[in-house]
Amino acid sequence: MSTARHILALLKSHLEGDDKEFLSVAMQAAAHEARLGHASVAQQLRDLIDEAKRRTAAAHTRGGQIIVLEPRGELASLLSVQTPRIRLNDMVLSTALAERLRRVLVEQRQQKKLREHALHPRRKLLFVGPPGSGKTMTASALAGELHLPLFTIMLEGLITKFMGETAAKLRLVFDALRQTQGIYLFDEFDALGAHRNQANDVGEIRRVLNSFLQFLEKDTSNSLIVAATNHPEMLDRALFRRFDDVIEYTLPDPELAKEILSRKLAPFETADLDWSRLLSEVNGLSQAELARASEEAAKQAVLGGSTVISSDALFMALQERKAASP
Ligand SMILES: Nc1ncnc2c1ncn2[C@@H]1O[C@H](COP(=O)(O)OP(=O)(O)O)[C@@H](O)[C@H]1O
Ligand SMILES: [Mg+2]
């Protein structure tokens with residue numbers, strides 16, 4: 001190949017977001033230069049290729065800063081990337097749930113030790129629980145703890161009318177997850193099965209779920225795969241078995257509810273709050289609704305020119321959330 005042809009091929013693979021092809025063409029260009037006797041250019045190319053490979057092998061940290069390659073090409077419509085900074089301690093968790101999540105972190109952090117004994121860290125996780133109970137937030141916190149980028153799979157981009165296409169897109173996602181280490185979140189994952197209710201070919205839908213399961217099963221990457229759902233009843237039992245861990249989320253008990261409210265209101269004066277009255281009102285409210293209610297009460301205080309949260313304001317905010325909740 002001539003140099004111009006190499007450049008053409010490089011640009012083409014760049015536009016398509018095909019890193020593997022890009023590097024393979026660059027290798028050919030290096031070989032080409034070497035054959036022409038251009039030893040120094042060939043060596044420079046090889047060094048740059050090595051550097052590029054090191055960068056794509058894993059999103060890595062430099063000076064505490066996570067370097068992430070934005071998804072390109074078709075992947076850009078399938079994955080969105082974030083670098084969350086929150087930690088598990090930013091969440092209010094029951095002891096049982098905190099332990100389950102800490103175990104994931106411990107195994108991830110000590111995976112080298114595990115792998116030396118042919119053991120594998122848990123990394124295929126299913127989060128199940130009601131809306132607003134902290135599933136999405138947990139994925140962010142795991143990313144924050146492990147200094148990994150959080151890639152959220154955009155299911156609306158993934159699911160097309162044509163199931164064959166969906167399977168091809170799933171393959172792209174699973175390829176990406178091997179190439180760039182991260183947390184890959186299939187949020188509101190039940191949408192993959194939701195088409196079931198529509199006048200859609202049931203056989204086709206099974207195929208999409210099955211191909212997800214096959215990709216999941218075959219995956220041996222270093223990435224964490226998190227699927228989250230509010231509707232466990234919509235998912236196949238067969239699916240549950242393919243995960244290393246199924247982690248259940250529940251609505252908070254009064255003690256945790258109090259903790260969420262007080263943490264959210266920490267910048268304000270809350271000494272006079274009538275907790276027994278307030279906690280009689282939290283039953284059935286999710287973590288998200290409690291967070292919202294405390295924000296409402298805080299806003300009222302601020303707009304009234306005060307830093308004191310009144311029991312009445314918070315009580316009313318809780319009642320309002322309750323009336324709005326399904
Ligand atoms: N365990 C928690 N501790 C503190 N805040 C929480 C917790 N769970 C949820 N929240 C609050 O509720 C919001 C929505 O939670 P989210 O993780 O999106 O719920 P889910 O994904 O389960 O529907 C969060 O952004 C946060 O403000
Ligand atoms: Mg969510």
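Colleague: What should I know about numbering and confidence cut-offs?
Modeller: Residues count from 1 along each chain as its sequence is written, chains are lettered from A and ligands numbered from 1 in the order written. In this predicted model, local features need pLDDT of at least 70, side-chain atom pairs count only at pLDDT 80 or more, and totals for chains, interfaces and linings use all residues.

Colleague: How many helices and strands does the chain have?
Modeller: Elements are DSSP runs, numbered from the N terminus: helices are H or I with at least four residues, strands are E with at least two. The chain comes to 15 helices and 8 strands.

Colleague: What percentage of the 326 residues is buried?
Modeller: A residue is buried if 20 or more other C-beta atoms, placed from the backbone, lie within 10 Å of its own, exposed if 12 or fewer, and partly exposed in between. In the chain, the buried share is 26%.

Colleague: What span should helix α2 have at 1.5 Å a residue?
Modeller: Helix α2 covers residues 19-35, which is 17 residues. The expected span is 1.5 Å times one less than the number of residues.

Colleague: Which arc do the buried residues of α2 cover?
Modeller: Those residues are Asp19, Phe22, Val25, Ala29, Ala30 and Glu33. They sit on the same side of α2, because their arc, taken from the directions from the helix axis to the C-beta atoms, is only 145°.

Colleague: Which exposed residues are on the face of α2 turned away from its buried side?
Modeller: An α-helix has 3.6 residues a turn, so residues three or four places apart point the same way. On α2, the face turned away from the buried side carries Lys20 and Arg35.

Colleague: Which elements give two or more residues to the shell around ligand 1?
Modeller: The shell holds 14 residues, near meaning a C-beta atom, placed from the backbone, within 6 Å. The closest are Gly134, Thr136, Met137, Gln287 and Ala288. The elements are α6 (135-146) and α14 (287-303).
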